[in-house]
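Let's take a walk through a protein model together. Keep the 3D view open and turn it as you read.

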Amino acid sequence: MAKLTVPKNKQVTIRSYCQGFGDCFLIAFPVPKEDPKYVVIDCGILFGASMGHDRMNMVAEDIREATGGHVDVLVITHEHYDHVSGFLMADEIWKTIDVEEVWLAWTERDEDIVAKEIGELKSKIVRAIKRLRLNTATYSDSVTELLNLSDVGVDVQRGFGAKKFSTGTREGRDIAIALSKSEPIFCEPGEVRTLGASKVKAIVLGPPRDAALLKVETHEGHQFEKFMASSEENALSAYSSFLSFDLDAKTGAFGLSAAAPSEDYKDRVRERLGLPIGGNAKDRWEPFGPRFRFTQGSRRWDAYIADPLNDSAVKAHADERNDWRRIGGESAATIEGLALQLADFVNNLSLALAFQLRNGKYLLFPADAEAGNWLSWGKSGFHDADSGDAIPSLAIESILKGTVFYKVGHHGSHNGTYITDRFDLIPNTAHVFMPFELAPSWPSIPAKGLMRHLDDQGYPYARSDNKVKPKGKFKPAKVQMPYVEPNSNTRDVKFRPLYVDLTL
Amino acid sequence: MDPALAQQVDRLQASIATLQVRWSDLEDESGFSFERPGLSGKYFEIIDYDQPSRMWYPHLNLNDPAVLNSHGLEPTEADPRFHQQMVYAVAMKTVETFEAALGRWVLWSNRKYQDEQGEIVVEYVDRLRIYPHALRLDNAFYDPERKAILFGYFPQGTGTIMDRGSGYLVFSCLSFDIISHETTHAILDGIYEYFIEDTNPDVLAFHEAISDIVALFQRFSLPELLRHQIAETRGDLNAENLLAQLAVQFGMGVGRPSALRDAIGEYVDREGVVIPDTAMAAKLGEAKWQRKRASPGALNQAKGVHARGAILVSAVFDAFLLIYHRHTEDLIRIATEGTGILRPGNLHPDLVQRLAEEAAKVARRVLQMCIRALDFVAPVDITFGEFLRAVITADKDVVEDDYLGYRVAFVQAFRGWGIFPPDVKTLGTDNLVWQMVVEQLGESAHSPGAYVEVATHEPAPASVLNEWTAHFRVAITDMVTALRMDICQESTLRMLMEKAWFQRLSPYQRATLLIKLMGQRKEHARSVLDYFKSEQTLTVNFDSSSPNSDSSPRALSDLIRPMSVREKHYHWSEAAGFLLHLFLERDKPPKKNLARDKGSITRKLSPLNKVILDIFGIEVTNRANFQVHSVLMSRRTPINIQMRARNELVIRLMQKVYINPETMEEYDDGQYQDGAMQFRGGCTILFDLDEGVFRYVIRKSVGSTSRRKAQALYQANKPGRNYRTPKQSLREIHGA
């Protein structure tokens with residue numbers, strides 16, 4: 001098989017692999033009179049996918065052939081199984097491929113103070129999950145899958161008591177990093193890197209630096225970590241990303257506008273979490289009338305504990321020796337909730353990239369970025385990575401408006417594409433690729449709202465489960481239709497069982 | 001009963017029931033009094049802290065004369081104290097059902113944790129904690145870590161933030177069924193802690209099924225509901241009825257046409273296709289109830305814990321219906337002058353009353369059969385087929401003949417649902433009874449087989465067992481006497497210490513036995529040991545350099561602490577288990593392991609003990625340790641008055657090995673390795689205390705290759721593959 005090349009007068013060829021639920025992209029940027037620059041973004045498939053090992057080996061083999069065994073830039077967007085497992089499963093093949101540079105998000109840099117803090121936050125959630133998961137029998141398989149994403153080590157196979165079980169997410173990432181002889185490059189938001197002679201510019205959009213504002217606060221001493229943010233906007237992104245499990249999967253969209261969320265919305269979030277409600281809003285979940293309600297420290301508290309039954313109950317609950325029986329924060333800290341928090345948290349640490357082609361158009365690869373990440377894009381302006389000079393001409397709006405290819409964020413989930421605000425800027429002529437496959441355990445993927453939006457707006461799109469969407473009904477694979485615009489040269493799109501090539 | 005019923009005028013009368021529960025005074029007969037946080041009795045402590053709201057609610061004083069005079073608070077959803085009363089009464093009722101059927105105290109599973117030194121501590125848990133308002137979720141669960149049941153509440157509707165639904169709150173702690181269900185999880189966990197290990201498709205499903213069975217049949221003890229439903233269905237319980245439905249309000253609250261679960265019905269759409277739970281919301285409008293039909297293939301098709309469990313529930317309920325209809329045929333004939341065809345219109349209230357009585361009687365017996373069966377299954381890796389054999393055996397144990405057809409009905413109903421017992425040649429009820437020990441030994445003594453080697457070199461197993469039992473019987477009878485005398489008295493302990501068998505134990509063993517009886521921690525074994533070393537006086541002399549000599553006990557009596565009756569039984573069980581362990585490996589010199597669950601490499605066993613362990617199905621190898629899991633004293637009351645009540649010991653032995661999934665062999669060092677599969681075996685032994693014989697040994701050998709293969713295959717193929725969505729899983733009532 002021949003190498004992947006870019007035809008004359010074309011800007012780029014994007015090979016989107018169709019391995020299933022997971023990301024893997026090979027992009028070729030032409031260089032005059034030379035081999036194209038090859039960029040690979042992620043390589044993974046969901047834990048437990050059938051034939052996953054075989055599929056990933058086919059993908060890796062194809063990458064080796066298509067690049068002639070030489071990859072210029074390997075991008076690892078974030079540490080989730082469905083983005084890195086290919087390196088683990090096909091490590092034999094990957095080790096025979098020369099990788100010039102490996103790019104990671106700044107949050108992966110061990111020395112970075114903020115990254116460290118984020119790492120701690122992550123391990124706090126992990127610890128909370130581990131505390132909760134002792135009760136393994138009670139949570140669903142979807143949660144198991146969520147936990148497997150981040151390799152929290154839930155032992156589904158060997159029952160209780162087994163000591164260590166690992167899906168190998170971290171190992172996958174480490175194998176990928178080791179592929180490059182040079183030190184990995186940690187990308188900061190706002191950086192613009194030029195890809196050598198191809199003149200293509202890679203623009204780092206996220207993860208945001210101001211994620212540092214996501215401080216950890218221990219709530220009432222134990223049980224669950226609450227994510228507090230110091231400004232309204234960060235509160236918004238924190239809430240929306242960490243509580244996405246409460247957002248409506250039916251509409252597929254955030255109920256959030258670009259402006260600050262309404263008080264009403266925030267109150268409902270707070271109600272659910274049992275946080276104090278602002279203003280005069282009434283707690284709609286409050287089950288009993290005021291005469292039955294007593295809060296510790298309130299005026300009526302003395303009257304409450306005057307009854308020995310109540311007093312003994314309060315004391316028994318507060319008793320240090322009975323610490324292990326105390327309840328706290330289950331509503332938010334159910335294992336389901338925490339697993340989602342963790343998954344969402346790591347998703348928001350995704351390295352989101354845009355590539356500026358020579359004709360000034362853009363390719364957008366947000367990985368699994370969720371709302372918090374999306375919102376932060378372009379916040380601090382853009383600058384040249386080498387010289388440090390600011391690039392005032394570049395604005396996030398122009399990037400989005402000039403997008404010609406969009407990799408759907410987070411496999412088409414309800415919170416991976418920020419429909420209400422930023423996404424609208426992407427013109428409906430942009431080609432959309434959705435790397436997912438229907439999985440019963442992920443019923444909200446693809447989000448109906450997102451699909452409807454794509455249909456309504458008339459975006460041409462393709463799905464990695466080998467189905468393409470003409471106007472109207474789904475058709476099976478290999479019927480390549482308006483993934484390209486009806487008038488355009490169809491030679492520019494190639495459908496193969498393993499991948500879809502798009503040349504622009 | 002279920003708040004949803006009180007919202008319909010025609011069902012109002014069925015929605016209220018008065019439960020009589022045992023008076024739970026807070027002082028024991030012996031004068032031992034408890035701390036009593038919140039609303040607590042001997043089994044439960046209800047703490048009404050609403051964590052999500054950060055609110056405390058007032059606790060009901062059940063002993064308040066005003067409450068007592070009116071048989072408790074009037075039902076109302078608006079008063080948290082009624083919620084507590086409801087939870088308490090139903091949970092107590094469930095405990096009483098179990099105690100009556102099993103003939104012994106209900107004990108909660110003990111708490112295991114690591115202390116600061118990293119030592120594993122096992123602690124007795126006296127009371128289960130109940131939080132009636134712990135979660136803002138459409139869920140309620142038993143938490144085996146906290147030894148607590150957490151109930152949730154949620155607004156009717158989808159329960160998401162974006163959709164507030166109608167906003168009316170649904171309280172899971174007001175559902176009779178959910179309370180029984182979760183309490184049963186807790187009780188079952190107290191009996192079989194390994195039934196929460198997913199080793200074959202039936203295990204977790206069994207946990208769910210038993211909880212549903214208890215919840216279902218307990219409602220037949222509510223006369224108001226029963227009469228109402230008999231009248232409404234005109235005596236035909238095959239029609240859609242509330243008796244077979246669980247958690248009505250909860251079910252409707254999460255968007256189902258009716259109850260959360262239904263033992264005899266399912267919903268079909270316009271085309272008559274059964275609607276799965278996932279699609280229920282979409283097809284709510286067209287859903288139509290229909291009687292579930294038993295099919296032998298159903299079990300193989302059922303996916304997921306709840307679906308599989310539902311089949312066992314349906315099978316038991318079908319057995320109930322078969323018996324019920326047989327028992328009431330005559331009543332119907334009398335009422336219809338022999339035609340058997342009821343006239344249209346309402347039934348005569350007398351007939352309703354008589355039918356209700358029959359239904360209640362049959363339901364009680366069916367529930368007892370199911371609960372009694374719990375003592376007739378091996379302690380690990382249960383399957384539905386074994387449960388059927390256990391039901392039949394347990395029932396035969398209390399009722400000699402079966403002229404009322406209870407057992408036949410069970411076999412018939414189970415067969416209808418494709419549940420077949422393993423290793424039997426025919427499905428006659430006599431064939432399904434577990435073999436008694438005498439029969440098993442009789443056979444193997446004369447035929448070549450497992451015991452051939454033993455038989456050529458040693459006396460026959462039966463005579464070895466008899467000889468061993470004679471020794472064991474003396475010791476265990478003394479132990480039983482001690483329990484009856486009260487183990488919290490020094491005189492009782494002294495009585496034990498004078499026994500010949502006791503004095504043959506090593507000082508370490510004696511000390512450990514006493515420590516266990518007194519329910520003290522292992523550290524104190526040292527002081528008792530010192531006492532035995534001096535053998536002079538009861539006063540223990542500590543050396544003065546001991547840092548906490550001031551607080552340390554100086555005499556045996558200082559270690560005795562007051563205990564509740566159930567706690568005495570618990571510690572007695574621990575001590576009896578230790579004693580049995582010593583008897584099972586008596587020739588082995590005790591090493592420093594004071595704990596019964598440590599070490600105990602069996603290679604130094606005498607040939608005689610090997611024979612005994614072999615009879616109990618315990619693998620005697622260097623790699624497999626065994627432990628005595630529990631020794632419980634039961635008193636079984638017969639249903640036939642001709643039979644005598646049996647005082648029995650229910651003994652459970654456990655073994656665990658780590659298996660290499662490639663070779664299906666244990667690892668040489670017996671230790672855990674990466675990738676190893678944990679594999680358990682064990683047996684349940686019934687020992688008749690009056691006659692001093694072992695009656696049944698129900699084994700699951702740790703050496704079974706076929707079981708190893710089955711577990712490996714099952715677990716390899718199940719990494720989260722029986723898909724359920726997060727939403728769905730929240731909507732099911734969880735339990736460990």
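This is a predicted model: local features need pLDDT of at least 70, side-chain atom pairs count only at pLDDT 80 or more; totals for chains, interfaces and linings use all residues.

Chain A contains 15 helices and 19 strands. Of its 504 residues, 62% are buried. Among contacts in chain A between residues at least 6 apart in sequence, 67% link residues at least 24 apart.

Now turn to chain B and find helix α15 (residues 461-485) and helix α22 (residues 607-615), whose axes come within 9 Å and cross at roughly 100 degrees. An angle from 65 to 115 degrees counts as roughly perpendicular, so α15(B) and α22(B) are roughly perpendicular to each other. On the α15(B) side, B:Pro461, B:Val464, B:Leu465 and B:Trp468 take part in the contact, and their partners in α22(B) include B:Leu608 and B:Ile612. The residues of this contact are eight nonpolar, one polar and no charged.

In chain A, A:Lys315 pairs with A:Asp311, with the closest N and O atoms 2.7 Å apart. Both sit in helix α10 of chain A, four residues apart, about one turn of the helix. A:Lys315 counts as exposed because its relative accessibility is 54%.

Compare B:Arg219, which forms a salt bridge with B:Asp177 at 2.9 Å between the closest N and O atoms. B:Arg219 lies in the loop between α4 and α5 of chain B and B:Asp177 in helix α3, so this pair ties together parts 42 residues apart in sequence. B:Arg219 counts as buried at 1% relative accessibility, and B:Asp177 counts as buried at 2%.

Key: Residues are numbered from 1 along each chain as its sequence is written. Chains are lettered from A and ligands numbered from 1 in the order in which they are written. Side-chain values use heavy atoms; hydrogens and water are left out. Axes are lines fitted to C-alpha atoms, for helices over the stretch in contact, and angles run from 0 to 180 degrees between N-to-C directions. Helices (H or I, at least four residues) and strands (E, at least two) are DSSP runs, numbered from the N terminus. Angles under 35 degrees count as roughly parallel, over 145 as roughly antiparallel, 65 to 115 as roughly perpendicular and the rest as oblique. Contact means heavy atoms within 4.5 Å. Ala, Val, Leu, Ile, Met, Phe, Trp, Tyr, Cys and Pro count as nonpolar, Asp, Glu, Lys and Arg as charged, and the others, Gly among them, as polar. Buried means under 20% relative accessible area, exposed over 50%, partly exposed in between (1.4 Å probe, protein chains only). A salt bridge is a side-chain nitrogen of Lys or Arg within 4 Å of a carboxyl oxygen of Asp or Glu.
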